[in-house]
Structures are given as C-alpha cells and as structure tokens.
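Colleague: Hi! I'm new to this one. Could you walk me through it?

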Amino acid sequence: MEELLIVLNKDEDTISIVDAKNKKEIKRIDCGHNPHEIAVTEDGKKSYITCSLGNEVDVLDNDNFEISKKIEHEDFDFPHGVGLTKDGNKLFLASTYSEKIFIIDTEKDEIIKHFPTYQRYSHMISFSPDGKTVYVPNIGSDNITVVDTRKEEIVNHFPVGEGPEGVAVHPDGRTIYVANQKDDDLYMIDTEDYEKLYQRRLGKTPIRIIFSPDGKYAFIPNRESGDVSVIDTDFEPKGEPWEVKRIPVGNWPGGVVFNHDGSKSYVANNKTNDISIIDVETLKEEERIDVGIHPDGIAYLTK
C-alpha cells in the first residue's frame with residue numbers, strides 16, 4: 001500500500017506528491033493560481049483543490065495526478081475551505097470574500113447551488129462526524145455559521161472569539177473546537193446549545209485544528225510562533241481539554257494531517273518550504289521533507 005501526501009505549494013502554483021514512507025517528493029505538477037485547501041474523496045479517486053487567487057477549483061485525478069477539470073463561477077472570490085459529504089456526492093465550499101457557500105455535485109463536478117452567509121469572510125468548511133452539519137468560521141464577524149446539509153441552508157450562527165479560522169468537531173460529536181487567531185486561544189463549544197464549555201491559551205495566531213483518528217489529541221498549528229499546540233481532549237485528572245505540549249516545527253505552520261492509524265502527523269511549514277513529520281507517541285518532530293514554495297494545504301492518501 002502506498003502512503004502519499006498531496007501538498008499544495010501556494011506561491012508557485014504547484015502540487016507536490018510525496019511518498020510518506022520514503023519521505024521524499026516523487027512528483028510535482030502545475031495547478032491553478034494560489035492553491036490553498038484540499039479535500040480527497042472517500043474512494044481516493046479525486047481531490048478538490050481551491051485555487052484562491054485564481055478563483056477556481058481544480059479537480060485532481062489521483063490515479064495519474066493530473067488536473068482533469070477546472071470549476072469556475074462568477075461569484076467565486078477567494079474560494080477557500082472545502083469538505084465532502086459522508087456519501088461523497090457533494091462538496092461544500094466557502095468563498096471568503098464573496099461570503100458565500102457553494103455546493104458542487106461530485107459526479108458531474110458542477111456547481112448546483114450557492115447561497116450567502118451574510119457574515120464577513122466565510123473561510124473554512126468543517127463537517128460534523130455524522131455529516132448532518134457544516135460549520136463555517138467567519139473571520140470578520142467573529143462567529144460560526146451552522147449549515148444543515150440535508151436542507152442545504154443556514155440554520156444558525158453562534159459567537160466565538162476574534163478572528164476564528166480553524167474549526168473542527170471532536171469525533172464523538174459533542175464538542176466543537178474553534179481556534180481564534182486574533183485572540184490566540186481555543187474555544188470548546190457544546191454542539192447541543194453552542195455554549196462555551198472551556199477556553200484555553202494557545203501559541204501565536206492559531207489557524208487550523210485537526211483531531212487524531214482516535215480523538216485523543218487536537219493538533220493546532222500556530223502560524224506566527226512556529227509551533228503546534230497539542231490538546232489532550234480528556235486530560236487527567238480533571239478530564240478537561242488541556243494543552244500538554246507545544247511542538248516546535250518550521251516557520252508559519254499551516255495545514256496538518258494524520259496518517260490512517262494516527263501514528264504520524266504531517267505539518268506544512270509555509271516559510272521553510274517543508275513538511276514536518278511528528279511522531280504522535282513521543283510528540284516530537286522527527287524530520288522534514290522538502291517540497292515547493294509556501295506549502296499550506298495538505299492531504300493524506302493511500303493507494
């Protein structure tokens with residue numbers, strides 16, 4: 001089985017394909033302007049890549065690693081966060097400056113619906129584990145938009161800290177984690193009533209959140225302090241989420257992903273042009289893999 005990383009190099013408009021086992025780049029391909037975020041289909045056949053300054057979504061064929069289609073829309077204005085429904089039939093996309101949500105049919109790779117959030121700078125897409133809800137952080141409104149994926153409409157907004165960007169739902173579905181980049185802190189929100197349960201300090205400018213497959217840890221890259229906050233989601237003896245370590249990595253860490261069994265994590269370092277490999281058992285950086293200029297979005301793929 002091949003273990004691959006798909007890495008988006010923002011400042012050179014390329015995609016690096018990395019052999020995760022042998023820790024080296026094996027292919028680099030051209031894509032649209034300024035690729036930011038990526039979502040891989042459950043069957044691993046395709047990846048959807050938002051090229052934010054190019055105002056397009058590139059569809060990557062993961063069999064040959066070539067761009068098979070470009071999706072465009074007149075209302076794209078910095079398309080950014082993406083995520084797939086559980087059945088893989090639809091892709092949800094947040095377009096930051098047009099402040100709209102787009103829904104794409106993944107069989108035809110065509111936009112079938114879009115609607116405004118009426119909030120400022122709608123930036124990322126994060127699904128609940130059951131796939132029924134999408135959470136969209138609005139950087140300029142300091143809140144999160146709640147979208148019902150069955151109705152395909154907005155059902156709520158709730159306030160968080162300043163400049164929310166990273167958002168993810170714990171695998172147990174009970175808690176939403178939100179990284180507030182201007183406040184340098186983390187909110188843990190109850191999914192039932194959207195009330196804040198806990199608040200924790202982080203490093204400087206936290207921008208993403210990803211949970212380990214078992215839900216034990218949340219990894220949060222802190223862009224300006226060059227490290228990753230490790231949150232133990234059920235820290236003993238109190239049973240509260242707590243930062244148990246801050247792992248130094250490269251400059252301007254961005255995208256983070258775990259491998260299939262959660263033994264390794266990979267962090268894209270925007271300003272050192274490399275990928276940090278973190279051993280999840282020791283919570284230490286092992287080594288780095290060189291990629292293109294300004295790597296950010298990253299995905300893990302097995303073939």
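Modeller: Happy to. Let's start with C31: its sulfur is 4.6 Å from the closest cysteine sulfur, which belongs to C51, and that is too far for a bond. Keep in mind that this is a predicted model.

Colleague: How many disulfides does the count come to, then?

Modeller: The count comes to 0 disulfides. A pair of cysteine sulfur atoms would have to be within 2.5 Å to qualify. C51 is in no disulfide either, as its nearest cysteine sulfur is that of C31, 4.6 Å away.

Colleague: Is C31 buried or exposed?

Modeller: C31 is buried, with a relative accessible area of 12%. C51 counts as buried too, at 0% relative accessibility.

Colleague: OK, new topic. Where is E42?

Modeller: You'll find E42 in the loop between β4 (35-40) and β5 (46-51).

Colleague: And is E42 buried or exposed?

Modeller: E42 is exposed, because its relative accessible area is 79% and the cut-off for that word is over 50%.

Colleague: What separates the C-alpha atoms of E42 and G88?

Modeller: A distance of 6.7 Å, although E42 and G88 are 46 residues apart along the chain.

Colleague: Nice. Which residues make the nonpolar surface patch?

Modeller: F235, W242 and V244 make that patch, which covers about 250 Å².

Colleague: Which strand does F235 lie in?

Modeller: F235 lies in strand β22, which runs over residues 227-235. F235 is partly exposed, with a relative accessible area of 31%.

Terms used:
Residues are numbered from 1 along each chain as its sequence is written. This is a predicted model: local features need pLDDT of at least 70, side-chain atom pairs count only at pLDDT 80 or more; totals for chains, interfaces and linings use all residues. Side-chain values use heavy atoms; hydrogens and water are left out. Patches are made of residues with over 30% relative accessible area and no salt bridge: like charges are joined within 9 Å, nonpolar side chains (Val, Leu, Ile, Met, Phe, Trp, Tyr) within 5 Å. Accessible areas come from the Shrake-Rupley method with a 1.4 Å probe; for residues, only the protein chains shown count as cover. A salt bridge is a side-chain nitrogen of Lys or Arg within 4 Å of a carboxyl oxygen of Asp or Glu. Helices (H or I, at least four residues) and strands (E, at least two) are DSSP runs, numbered from the N terminus. Buried means under 20% relative accessible area, exposed over 50%, partly exposed in between (1.4 Å probe, protein chains only).
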